[in-house]
Amino acid sequence: MRITSLILLLILFFSNATSNAQQKKYVIHTVAFYNFENLFDTINDPITNDEEWTPNGMQRWTSKKYRHKLENLSRVLAEIGSSENPDSPTFIGGSEIENRGVLEDLIKQPKLINKDYGIIHFDSPDKRGIDVALLYQKKQFQPTSFSNIPLYVYRNDTKSKEIAKIESDEKTDDVLQISTQNHRIYTRDQLLVTGFLDGEEINIIVNHWPSRSGGEKKTSPFREVAGALNRKIIDSLQRINPNAKVITLGDLNDGPYNRSVKIALGAKAKKADVLPLGIYNPFEEMARNGMGTIAFRDAWDIFDQIMVSESLLKSDKSSFSYWKAGIYNKPFLIQTSGQYKGYPLRHSPTEIGFSDHFPVYIYLIKEKK
């Protein structure tokens, strides 16, 4: 009888413990990134190379097409991460954005207008006029500072003379623009935003690293410089506060295993390998499993990534921490026929698609008090 009673007590104890664990509730915030692929208005800007995206340009980019593009993007942004969090993302990093005006038009779309998104955007030196930006839900996040940090990359004289001889092995609209005077490669700045999410300070860096136009190997050093700048920004935040919570995200034009990410930035694929002040990249394991955000010649890669500092990997859920990551690749975002069947559904002469990239996301969670 005594043994039976003891067993019953143990069953009751573990049942109560399980019940208490199940009763825990969490606040969830989605952090997303999406390459908007040529989000241009129809107006010719005289100081940028945007002529292709005008009514008389190669794309015959009309107001009707532009409105359709905004509608498509708003559908995606409203739904990213909805499997675990019904609210649209608290943060949306974006790239290939012509100007602030197109973002103003985007957040006014019916699917997004009630979310009351704020915009943080700077014009970058990119000659096509494409920038990065951060959208954030004003009711959730209060920015305290933001800055665009320039990326200085130069091609030396010898290589500059060779540029015309190099044929790109990557099909991309994002062609490297090189100054004939100082050989600077004009690319996007890195956007740093700091603010408070439910009372906790969060730092977000939005990136769009130099393209592979000219070949992956020949242009790798430019992205390695971008990775080093990203690491320098993170180091500066951590010198001020060793427990700074940092999220770096963007279209890196490199996979998680490339030198720019693994060496220059120092990101790790496994949480157990992330040392204090280190960076965790959940997308490396996805890449090794054959997943992708962009396809080229039927090979998939993950150029779009979101990484977090070690301070967001704590087991204590009384403050915000990283939960899990994903690629948003729902069927409506996928080409269903033709040569590029299975690829992300991008623009064509007969259809206004979404983007040549799939968006990515992570969840931040915190136990409700």
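The protein's secondary structure amounts to seven helices and 17 strands, taken as DSSP runs (helices H or I, at least four residues; strands E, at least two) numbered from the N terminus. The model is predicted: local features need pLDDT of at least 70 and side-chain atom pairs count only at pLDDT 80 or more, whereas totals for chains, interfaces and linings use all residues. Residues are numbered from 1 along each chain as its sequence is written, and side-chain values use heavy atoms, with hydrogens and water left out.

- Seven strands form an open sheet with mixed pairing, in the order 5-8-9-10-15-12-11; two strands pair if DSSP finds at least two bridges between them.
- At the edges, strand 5 (141-149) and strand 11 (267-268) each pair on one side only.
- Strand 11 pairs with strand 12 (residues 279-280) in the parallel sense over two bridges, and Lys268 stands opposite Tyr280.
- Helix 5 (residues 216-240) packs on the sheet and touches strands including strand 8 (190-197) and strand 9 (200-208); contact means heavy atoms within 4.5 Å.

**Burial and cores**
- Of the 369 residues, 52% count as buried, that is, under 20% relative accessible area (1.4 Å probe, protein chains only).
- The largest nonpolar core has 66 residues, and Phe36, Ile247 and Ile362 have the most contacts inside it; such a core is a set of buried Ala, Val, Leu, Ile, Met, Phe, Trp, Tyr and Cys residues joined through side-chain atoms within 4.5 Å.
- Another core, of 20 residues, lies apart from it and has Leu151, Trp209, Val246 and Ile279 among its members.

Conventions: Axes fitted to C-alpha atoms, helices over the stretch in contact; angles between N-to-C directions. Buried < 20%, exposed > 50% of the residue type's maximum accessible area, 1.4 Å probe, protein only.
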